[in-house]
Amino acid sequence: MLETLLDHFQGTPLSLWGPFFLLLLCGLGLPLPEDIVLITAGMLGVIDGHSWIKVSAFMYAGVLAGDSMIFFAGRRFGTRLL
């Protein structure tokens with residue numbers, strides 16, 4: 001799975017945005033381990049010459065945004081769905 005993600009995002013403008021959106025989808029329930037996406041993002045950051053601080057901050061924001069979206073959706077619509 002790691003090699004597939006690397007092949008898909010390497011050398012494209014999606015080297016940071018691709019893993020970011022995957023982390024958003026993981027927060028919404030995509031059955032993909034977030035650890036694999038984070039490791040892939042780190043490897044892509046090294047390959048594309050991004051600083052580790054930039055990649056870490058970007059991926060941290062992706063994890064928080066994905067988890068927050070599902071939390072706020074449950075808070076807003078949870079009682080109606082129940």
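From the N terminus on, the elements of the chain run α-α-α-α. This is a predicted model, in which local features need pLDDT of at least 70, side-chain atom pairs count only at pLDDT 80 or more, and totals for chains, interfaces and linings use all residues. Residues are numbered from 1 along each chain as its sequence is written, and side-chain values use heavy atoms, with hydrogens and water left out.

**View 1. The whole chain.** The chain has four helices and zero strands. Helices (H or I, at least four residues) and strands (E, at least two) are DSSP runs, numbered from the N terminus. The C-alpha trace spans about 45 × 25 × 20 Å along its principal axes. Of the 82 residues in the chain, 29% are buried. Buried means under 20% relative accessible area, exposed over 50%, and partly exposed in between (1.4 Å probe, protein chains only). Take the contacts (heavy atoms within 4.5 Å) between residues at least 6 apart in sequence: 70% join residues at least 24 apart.

**View 2. The largest nonpolar core.** This core has 16 residues. A nonpolar core is a set of buried Ala, Val, Leu, Ile, Met, Phe, Trp, Tyr and Cys residues joined through side-chain atoms within 4.5 Å. Those with the most contacts inside the core are Phe-9, Leu-22, Leu-23, Leu-32, Val-37, Val-55 and Met-59. Two or more residues come from each of helix H1 (2-9), helix H2 (14-27), helix H3 (34-48) and helix H4 (52-81). H2 gives the most, with six residues. Leu-22 touches Leu-5, Phe-9, Leu-30, Leu-32 and Val-37, not counting residues up to four places away in sequence.

**View 3. H2 against H3.** The two helices pack at an angle of about 170°, with their axes 9 Å apart. Axes are lines fitted to C-alpha atoms, for helices over the stretch in contact, and angles run from 0 to 180 degrees between N-to-C directions. H2 is therefore roughly antiparallel to H3, a term for angles over 145 degrees. From H2 come Ser-15, Pro-19, Leu-22, Leu-23, Cys-26 and Gly-27; they meet Glu-34, Val-37, Leu-38, Ala-41, Leu-44 and Asp-48 in H3. The residues of this contact divide into eight nonpolar, two polar and two charged. Here Ala, Val, Leu, Ile, Met, Phe, Trp, Tyr, Cys and Pro count as nonpolar, Asp, Glu, Lys and Arg as charged, and the others, Gly among them, as polar.

**View 4. Val-37 and its neighbours.** Val-37 lies in helix H3. Its relative accessible area is 1%, so Val-37 is buried. Not counting residues up to four places away in sequence, Val-37 touches Pro-19, Leu-22, Leu-23 and Leu-32. Val-37 and Leu-14 are 23 residues apart in sequence and 13 Å apart in space, C-alpha to C-alpha.

**View 5. The two sides of H1.** Leu-5, Leu-6 and Phe-9 are the buried residues of H1. Seen down the axis of H1, they fall within an arc of 100°, so they line one face of the helix. The arc is that of the directions from the helix axis to the C-beta atoms. These buried residues pack against H2 and H3. On the other side of H1, Glu-3, Thr-4, Asp-7 and His-8 are exposed. Just after H1, Gly-11 takes a positive phi of about 75°.

View 6. Thr-40 is found in helix H3. Thr-40 counts as buried because its relative accessibility is 1%. Thr-40 touches Leu-2, Leu-5 and Leu-6, not counting residues up to four places away in sequence.

Conventions. Angles under 35 degrees count as roughly parallel, over 145 as roughly antiparallel, 65 to 115 as roughly perpendicular and the rest as oblique.
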